[in-house]
Amino acid sequence: MRDFQVIVIGGGHAGIEAAAAAARMGATTALISGDLAKVGEMSCNPAIGGVGKGQLVREIDALGGLMGYITDRTGIHFRTLNKSKGPAVWSSRAQCDRKLYREFAQELLAGIEYLTLVEGMVVGIGCEDNKFSHVILQDGREISGKACVLASGTFLNGLIHIGEEQTPAGRVNEAPSLHLSESLQVLGFKPGRLKTGTPPRLEGETIDYSKMESQPGDDDFLPFSLRTTTGVTNRVHCHITYTSAETHRIVEANIHRSAMFSGNIQGIGPRYCPSIEDKIHRFRDKDRHQLFIEPEGLDTTEIYINGLSTSLPADVQNDILHSIPGLENVVMKRPGYAIEYDFFPAFQIKPTLETRLVANLYFCGQINGTSGYEEAAAQGLLAGINAVTKLNNRPQVVIDRAQAYIGVMIDDLVTRVPMEPYRMFTSRAEYRLALREDNAYDRLIEIGRSFGLVTDQMMERYVSDREQLDSEHKRLHKTSIMASLVDPDANGDKLPMGVLLKRPGVTYRHLATVDEECALFPERLGERLEILIKYAGYMEKQLREIDRFRQLESRKIPDDFDLGVLSGLKKEAIAVLQQYRPINLGQASRLNGITFSDITVLMIHLKRHYSSSVSRETN
Amino acid sequence: MRLPDSGETIVAISTPPGYGGIGVIRISGNRAFAVANELVSERRDFGEVKSHTIHHCYIKGSLRRTFTDEVLLAVFVAPNSYTGENVVEISAHGNPQILKQIVEMTINAGARQATPGEFTLRAFQNGRIDLLQAEAVADLIAAEGTAFQQAAVYQLSGRLSEYIGNLRNELVEIGALFEAYTDFPDEEIPRQEKSELLGKIDTITGKLSRLAESYRHGEVLRSGLQVPIVGPPNAGKSSLFNAILAEERAIVTEIPGTTRDTIAEKIDINGIVVRFVDTAGMRETDDHIEAAGVERSKREIEAAGLVVAVFDATKATVTEIREFLSKLTDRQVILVLNKIDLLTGFQIADLESELDATRPIVVSAKELKGIDNLLKRIGELIVTATATISSDNNVITNQRHHRAVLAALDSLTSVRQKLEQDESFELLAFDLHQSVEALEEILGKVTNDDLLAEIFSRFCIGK
């Protein structure tokens, strides 16, 4: 008898989604964390969402995850980014209260039946016959389980750099997990190394906000979660300031003292969130860089300065801060730092997130090379779901690139080794116009529902929204109004509102000013309807592209298909295919070093494979 | 349509059917050498010999100590062969019976009869050539005019692939910028960057337009130029037609193996196949087959870009000629004044000066005078028309490519329009992506069974 069915290692954003999903699906689950008080901690900026990431949070919510709901409840500043662009790239973002977030996450976990929280540092993974069996804790305890989700975050061989100083640690003042990485390597996993950074933390009382631009939250923000029925509340403003000529001078003068530039860090840093020394060094022509002043919570005066990641020594960081408008007299509470950590390139896992080497062991979050809470949470949720479906002998969930950002992310991870921490962007999604925040539920809620992760209340709300949208959609196409009422360029002709809504500049809000029923229709649904109608033409084209994409995706490469003996393939191609073991022809075609002709050869071999296995069966 | 199995060793006669000086049999596949070993009278192991070597041997006969033929056998070791596999080419005597016997022996030894284009399909599958090049092989085999051959050879060399590939890469680069503006929410595109982008798009649009345009010439290269000879009754259309052919026989070599029909004839002028149509030969007929032919010719004349208009120089008036010509708009017309043998030099000069603007060519079909001038004029027109081609050699000769280039252009036009109107970047990116995909389709990056089967079915057996 095993202690638990599922063991989740790590209490970060991946870990809590995995543990909550597994336990809510009915599996006895243990969440093991080095410090239970830190479960749900936002180790970097307490912000959720952003471009590409907001989409992930909605998808997590549609699958029945927790992140969106916790954010709605603990957020203090909500904004939709990219609002000047099209709805496909509108991205929700929230600044949260770090403490509230952690506490509410812990409260939610405490209320889940079948979930046990265990405090301890995991130092080893045990397996029998290449199948997960137990974990070993630092104090010698062993906990056995049938499946394991490893979500250990930055704790794997973490090394913190502040200027010339180096300290082994997971986060500041927390011990790193040194042995777990070694234990995985003993099992045969191949590690890589990545780097990410954080900016310094400031004492808010010492900031002169009068020298900065104020950035209020959006009043009409649509909550992240369908569970949130009340709306969200903006409680604080964020602020914007800029680096100065003096800042750039200080950075240039001290750049040799940065861990980034002294060669101390072997890992590769993220391109999209570069350190300030990196930005100033790389973009010499830009005379200033934007900085966001973001509060970390309601009952703390601690401030996060977004855009100022650095690994310069603490005294230089102090000088830099004082050169920034509004921060002339600021007190630095903690210096920023860079952290290096091990990851395990994801060609070692399947698109279900289960490792190829050890059955029933799942990897998610930073261990797979991603950065960001949302990326981690999405993987954690899927790993939790798949761990339980595997134990129940149900088919594993694989989400494809045309279905969700989650699918895009996992496919990217398993088809290439990241050179920098993987962060979600809308440009990673080929079918971006179809993968929007507003239709996340249409895309995914049935999956979440099938595992019992979507509550009845959420489902009812979804169905009711759907019905209202459908009937209003029909009504708009049946009801005509005078075109000139909403379109100043139009003449007095009467046209259906559905047709008028297609015109640039005409919005549902316009219709609501002239049509009573539109005025009574819920605003959040009106906006969704507007998107549906305005995007209809693009969607049609995009859906055709998706059909074509699925042609190759549907050509499965069976597990027992021997890639090593295929005639007509170059040795290099065979090596790539064997390393990544794509699950279908589409995935194979996305591998580096695989050409179109390789795919043709594979196609022919697969046809033969299938026809011979059919004839074997009939014999 | 299904693609044939790529694992087997295949064989086919690679020279045209019929009797010839030599006939070549090609064998390709893993077992090519083993199969060849079985054919020859002595014990040989072609698996052991050097690549690109030629061996003198005898092919076994049906009885002991008899031979089917004395041959030269060339050995190519993978991957340095046409298909990228092990290849044996047997040059036998060009007797169809002998060649058939040898092929049967290879099949008995384990090879399979190749399907049309299968050798090239394998070259493609083994990464020796890309799709564009594979299609060029088919074109090269079918090529009649030397200019078309040139275009096919150019395409085969991979340089057209490179050209289109570069255009694709330039588009991808622009796309990356759109993506950056989409993913960095607070960035606005600076005006200067926008005008630079518009400029880049215009350059690519220009190149794509020229490619699309080249298809018209490409069509000419591929199918030849249709030149109807038109004119009023008794202007001497048929005698001009015959005179051209007579002249052509005298100065240009005849294209061998073409079927001669009574109303149309092909000749090669400056590398282009020109097909003259004698419209006088097109009369009402009760014969169904002939009627169908006449119908087809009529349509071709409608579509012809170049027309030779013949008039009887002794009868036609300037007004009559001008009126006739005014009906032939939208196309090049070469005005020919026939029967000058019946006029004095003074009269000819008079007519010429009156019709100077139309640059008439004076001929006597009867005495074969001036026909060389007519052919020279046609040659000049061809040179002008194909000048754009020879300048950068990027000609599209294939309908599939033409469609794709037009699709790419269409999307790119939409990108430009949206960029000008400051529409949102994700929509620009969407259209741009469609443009990129269209170009990738030409390069064969879009995987599709049916497309492949269609393309390779155009080949003849043995290639």
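Let's start where the two chains meet: 23 residues of chain B are in contact with 28 residues of chain A, where contact means that the C-beta atoms of two residues, placed from the backbone, lie within 7 Å. On the chain B side, at least two residues each come from helix H3 (118–125), helix H6 (159–183), helix H15 (425–443) and helix H16 (449–456). The biggest contributor there is H15(B), with four residues.

Before I go on, a word on what you are looking at. This is a predicted model, in which local features need pLDDT of at least 70, side-chain atom pairs count only at pLDDT 80 or more, and totals for chains, interfaces and linings use all residues. Residues are numbered from 1 along each chain as its sequence is written, while chains are lettered from A and ligands numbered from 1 in the order in which they are written.

How confident is the predictor about chain A? The average pLDDT of chain A is 89, and 93% of the residues score at least 70; pLDDT is the predictor's confidence in each residue, from 0 to 100. Two stretches of chain A deserve a look. Residues 267–271 of chain A have a pLDDT below 50, yet this stretch has 22 contacts in the model beyond near neighbours in sequence. Residues 614–619 of chain A also have a pLDDT below 50, and for this stretch the count of such contacts is zero.

Now the domains, whose bounds come from an automatic or database domain assignment. Chain A is split into domain 1 (4–199 + 341–450), domain 2 (201–336), domain 3 (468–540) and domain 4 (555–618). Taken over C-alpha atoms, the centres of domain 3 and domain 4 of chain A are 50 Å apart. Chain B has domain 1 (10–129), domain 2 (146–220 + 398–443) and domain 3 (224–389). For domain 1 and domain 2 of chain B, the centres are 45 Å apart over C-alpha atoms.

Staying with chain B, let's turn to a sheet. Six strands form an open sheet with mixed pairing, in the order S3-S4-S5-S2-S1-S6; two strands pair if DSSP finds at least two bridges between them. Strand S3 (53–60) and strand S6 (112–113) of chain B are the edges, and each has a single partner strand, so one side of each has no neighbour in the sheet. How do S3(B) and strand S4 (residues 67–76) of chain B run? They are antiparallel, joined by eight bridges, and one bridge pairs Tyr58(B) with Glu70(B) in S4(B). S3(B) and S4(B) make a hairpin with six residues between them, where Arg65(B) in the turn has a positive phi of about 65 degrees.

Pro79(B) sits in the loop between S4 and strand S5 (87–93) of chain B.

Back to chain A for a few residues. Is Val118(A) buried or exposed? Val118(A) counts as buried because it has 20 C-beta neighbours inside 10 Å; the cut-offs are 20 or more other C-beta atoms within 10 Å for buried, 12 or fewer for exposed, and partly exposed in between, with C-beta atoms placed from the backbone. Val118(A) lies in strand S6 (residues 115–119) of chain A, and leaving aside neighbours within four places in sequence, it is in contact with Ala30(A), Leu31(A), Ile32(A) and Ile143(A).

Tyr114(A) has a phi of about 70 degrees, lies in the loop between helix H4 (98–110) and S6 of chain A, and is partly exposed, with 17 other C-beta atoms within 10 Å. Asn393(A) has a phi near 55 degrees and belongs to the loop between helix H9 (373–391) and helix H10 (405–415) of chain A. Asn393(A) is exposed, with 6 other C-beta atoms within 10 Å.
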